[in-house]
Amino acid sequence: MYSFIPWFIITINLKQKVLKKKWKILKANWDDTFSGVAYTPTKNGSCRKKKNKRLERGLRTPEEKFILPILEALIGLGGEAHAKDVLGRVHAKMRNILNSYDYEDLSSNNQKRWEITALWAKYRMVKEVLLEGQEILPRS
C-alpha cells in the first residue's frame, strides 16, 4: 500500500528546513556582532543593553578613608570652599591610597569613582553633623 503525502505538506516541510538554516546563519551573525555585549529582551520584544554589574564590596576605597582628608582640605582652604577645590586637595592627600578601581570613570556622569565616594562621604558627614553642609559649596 502506498502512503499518500499531500504536496503542500512536503512544501511546508522544505520551507521549515530552509528557515531553520537561515535562522542559524542570522544567529551566528548576531553573536559575532554583539559578542561581549549583553542584551536582554524587553516586554515588547526589543532588546536593550544590560547595565554593568556593581563593583564588588571592598574593591573601592571606603568612604571612611575620605573623612579626614576632606576635613584637612577644608581647614587648609579656610573652612569653606567649592567642591572642585576640596576634591583637588583630597586627591593630592589620597593619591597613594586610591587604587585602580577608584580611578574608573562611571558611565552615568563621567566622574571618577573616588570623586563620587568623596561626595558621599561629605553627605554622610553632613548627616552626622560633622559638617553643616555650607562648608563645601556646590559646583560653580
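Which side chain meets that of R113 in a salt bridge? The partner is E104, with N and O 2.6 Å apart, where a salt bridge is a side-chain nitrogen of Lys or Arg within 4 Å of a carboxyl oxygen of Asp or Glu. R113 is buried, at a relative accessible area of 13%, whereas E104 is partly exposed at 35%; buried stands for under 20% relative accessible area, exposed for over 50%, and partly exposed for what lies in between (1.4 Å probe, protein chains only).

The model is predicted, so local features need pLDDT of at least 70 and side-chain atom pairs count only at pLDDT 80 or more, while totals for chains, interfaces and linings use all residues. Residues are numbered from 1 along each chain as its sequence is written, and side-chain values use heavy atoms, with hydrogens and water left out.

By the rule given above, the count comes to six salt bridges. One of them joins E64 and R124, whose closest N and O atoms are 2.8 Å apart, and this pair links helix α2 to helix α4 across 60 residues; helices are DSSP runs of H or I with at least four residues, numbered from the N terminus. Another joins E72 and K93 at 3.6 Å, N to O, linking α2 to helix α3 (residues 83-94).

Helix α2 (residues 64-76) also has buried residues, including F66, I67 and L74. In helix α4 (residues 113-127) lies T117, which is buried at 5% relative accessible area. Leaving aside neighbours within four places in sequence, T117 is in contact (heavy atoms within 4.5 Å) with R60, T61, P62, E63 and F66.

Technical notes
Helix = DSSP H or I, 4+ residues; strand = E, 2+ residues; numbered from the N terminus.
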